[in-house]
Amino acid sequence: MKRLFKKETGIKLALMFIIASMVLVMMPAGMLYADAIGPNSGTSFANIGFGVTWSNTQNAAASDNLYATTPLSKPTGVTVPLSATGFNFNIPSGSTINGIEVMVERSQTTAGRYYDDHLRLIRNGVPSTSAIKYGGNPNVVGFIPLTDATITFGGPTDLWSESWTVDDINNAGFGFYFTARTSYTGSICKVDFMSMTVYYTLPSDTTPPVIDPVADITL
Ligand SMILES: [Ca+2]
């Protein structure tokens, strides 16, 4: 009798384990596998276009108080885009891209001159035509500060008005560029660090788990 009771209990436990496993497998993938990579650092930096360019662009690879800088005598207007690519994302094949977030740590040497102008995502080495965000009116959102501060664009569910594949994100030519604008000369804009985080969902695993109740449950 005692032996029978133990066996029934063991069978019940095995059934509960199987049902619990099935529920986990059937849950929406996003509940189980939402993930993110970043913030990653860029490895390749460049001035995109002509005009007054940024010096020491490679200094935007780390938050270390070494800067990519504009010249003090830069004419007024928008800077040449400072691009960062080579973020070394390695998102698994078949994943769904949910959001893209970029961060720029920057400052300037004279108050109230430079402000964030716009940023564009770069796909396979080519700046996107529509994936663009603007820094906003500096009289409302503020000018670039005198001490390093990081501004964030995009987020976990923001695809910047476009769709992105895993190959787009993992591509060495994926990244973004940053521009600043000034109405006055006499300030140096300094970019310390450009980084990115990508949010994604792993593909659903439709393969049932291998369960051996006899092996897993001691009767
Ligand atoms: Ca730096």
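**Figure 1. The largest nonpolar core of the predicted model.** Within this core of 33 residues, Ala60, Leu82, Phe176, Val191 and Val198 touch the most other members. A nonpolar core is a set of buried Ala, Val, Leu, Ile, Met, Phe, Trp, Tyr and Cys residues joined through C-beta atoms within 7 Å. A residue is buried if 20 or more other C-beta atoms lie within 10 Å of its own, exposed if 12 or fewer, and partly exposed in between, with C-beta atoms placed from the backbone. Strand E11 (189-201) is one of the strands that each supply at least two residues of the core, and E11 gives the largest share, seven residues. Strands (E, at least two residues) and helices (H or I, at least four) are DSSP runs numbered from the N terminus. Residues are numbered from 1 along each chain as its sequence is written. In this predicted model, local features need pLDDT of at least 70, side-chain atom pairs count only at pLDDT 80 or more, and totals for chains, interfaces and linings use all residues.

Figure 2. Gly38 and Pro39 are joined by a cis peptide bond, with omega about 0°. Pro39 belongs to strand E1 (residues 34-41).

Figure 3. Most residues other than glycine have a negative phi. The loop between strand E9 (149-154) and helix H4 (166-170) holds Ser161, which counts as exposed with 11 C-beta neighbours inside 10 Å.
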